[in-house]
Amino acid sequence: MLRVGLTGGIGSGKSTVASRLAEHGAVIVDADAIAREVVEPGTGGLAEVVAAFGGDVLAQDGTLNRGALAAKAFADDESRRRLNAILHPRIAARTGELFAKAAEDAIVVHDVPLLVENNLAAAYHLVIVVDADEDVRVRRLTESRGMAEADARARMAAQATTKERRAVADVWLDNSGDRDAVLAQVDRLWRERLVPYEENIRLQRRRPPASPVLSPADDTWPTQADRVRARIRATAGQRALRVDHIGSTAIPGLPAKDILDIQLVVATHDDADALVEPLSGAGFVRRNDQQWSDDPIGDEQRWTKQLYEGADPARPINLHVRVEGSPAWRRALLFRDWMRANPAEATQYAEVKRKLAAKHADAGTVAGYAEDKQPWVNAAFARAEDWAARTGWTVESAD
């Protein structure tokens, strides 16, 4: 199952996107519909709301008068907490039921207006944000809903900002134009990303091997890595001692293969083994050719790790699961921080990478590229250790 979070500000046209995804076969779980369902007449939710806030929150026909409830529930923090204590467990339980009913190969789209505001992004394999220019959204609200412009802008201002939404968005759908334009984006997203992503998770299918291709440094790599790290933390829970962005994409200005390297550090091998199934379900495919494998980093020292690949076809990821106390997890952080602090070394490393990428451009694999690069990296580790000794760098001080 692929879990997709769908959100967007008021007037963005999120419902248009949800409807199109449903046409393609997605299972839509509508948070607003569930919130209404749990307080329908005859439900325990409505009975508890009435008990807490009084009978005058009901309309004459016995349904909930949402305006009357809002006037009471949002009058102060305590009242709002009381309402949330009634509604949130019921909404969560019903949401869980709907997800559980979905087929094993389903693409489940959770339509959540307040996904960003409620910090829910890490719960999904992928987050889609639908956006439109502010003036376009205001026009839609005034024309289709009869809302006053001042009211429309006030509601928009009360929601998450564009910057906050972009921080969690794996997919950004611009719906400022005509309907056909955004529908074409959705069709392409479904065909090229969502369907293959679900299949990769269900089948635990690795990405195909490829020759080393370097991309120019991308300023968005750290933000993309932050989203991945949040999902890994949510999956690993207390077993995660730390989750870090490592490798070339973590070094500003350095060209790199467009693959995010993330390191998850755990306390023991047993902790790592216990995370195999959760990580697989969270969208990471474990390498079948190794479990704990030895990776040389010098003439005498070696380390062990489990290696996973991200299942998202549009965002390649390598996830390295390592045990605290082994030399490798420390050196991964040291190498990154040393490079960040020494631009001349990063420049030299970039030149080495370019030459070797060109040499192995037709190899169809990165194995030879990695092997040829290792002598330079081994020598660099020694220089990094000298820098750490001079500066007092420790893993505790690593970002």
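Contact is taken here to mean heavy atoms within 4.5 Å, and helices (H or I, at least four residues) and strands (E, at least two) are DSSP runs, numbered from the N terminus. The structure is a predicted model, in which local features need pLDDT of at least 70 and side-chain atom pairs count only at pLDDT 80 or more, whereas totals for chains, interfaces and linings use all residues. Residues are numbered from 1 along each chain as its sequence is written, and side-chain values use heavy atoms, with hydrogens and water left out.

Residue D111 belongs to strand β3, which covers residues 107-111. When neighbours within four places in sequence are left aside, D111 is in contact with L6, K14, A18, I28, V29, D30 and A31. The relative accessible area of D111 is 5%, and D111 is therefore buried, where buried means under 20% relative accessible area, exposed means over 50%, and partly exposed lies in between (1.4 Å probe, protein chains only).

Because eleven of the 15 residues of α13 are buried, the helix is largely enclosed by the rest of the structure. Among the buried residues are W329, F335 and W338, together with the charged residues R331, R336 and D337.

Helix packing was examined for two pairs that share helix α5. Axes are lines fitted to C-alpha atoms, for helices over the stretch in contact, and angles run from 0 to 180 degrees between N-to-C directions. Angles under 35 degrees count as roughly parallel, over 145 as roughly antiparallel, 65 to 115 as roughly perpendicular and the rest as oblique. Helix α3 (residues 44-53) packs against helix α5 (residues 77-101) at an angle of about 170 degrees, with the two axes 10 Å apart, and α3 is therefore roughly antiparallel to α5. On the α3 side the contact is made by G44, G45, E48, V49, A52 and F53, and on the α5 side by S79, R82, L83, I86, L87 and R90. These residues divide into six nonpolar, three polar and three charged, where Ala, Val, Leu, Ile, Met, Phe, Trp, Tyr, Cys and Pro count as nonpolar, Asp, Glu, Lys and Arg as charged, and the others, Gly among them, as polar.

Helix α4 (residues 66-73) packs with α5 at an angle of about 130 degrees, the axes being 8 Å apart, and the two helices are therefore oblique to each other. In this pair, L69, K72 and A73 of α4 meet S79, R80 and L83 of α5, a set that divides into three nonpolar, one polar and two charged residues.

The structure holds 31 salt bridges, a salt bridge being a side-chain nitrogen of Lys or Arg within 4 Å of a carboxyl oxygen of Asp or Glu. One of them joins K72 and D56, whose closest N and O atoms are 2.6 Å apart. Because K72 lies in helix α4 and D56 in the loop between α3 and α4, this pair ties together parts that are 16 residues apart in sequence. With 31% relative accessibility, K72 counts as partly exposed.

A salt bridge also forms between the side chains of R153 and E134 (2.6 Å, N to O). R153 lies in helix α7 (residues 149-158) and E134 in helix α6 (residues 134-144), so the pair ties together parts that are 19 residues apart in sequence. R153 is partly exposed at 28% relative accessibility, and E134 is likewise partly exposed, with a relative accessible area of 45%. Both residues take part in a network of salt bridges that links E134, D135, E149 and R153.

Finally, two residues were considered for their backbone angles. Most residues other than glycine have a negative phi. N119, although not a glycine, has a positive phi of about 55 degrees; N119 lies in the loop between β3 and β4 (126-131) and is exposed, with a relative accessible area of 69%. The phi of Q204 is also positive, near 50 degrees; Q204 lies in the loop between α9 and β6 (214-215) and is partly exposed, with a relative accessible area of 25%.
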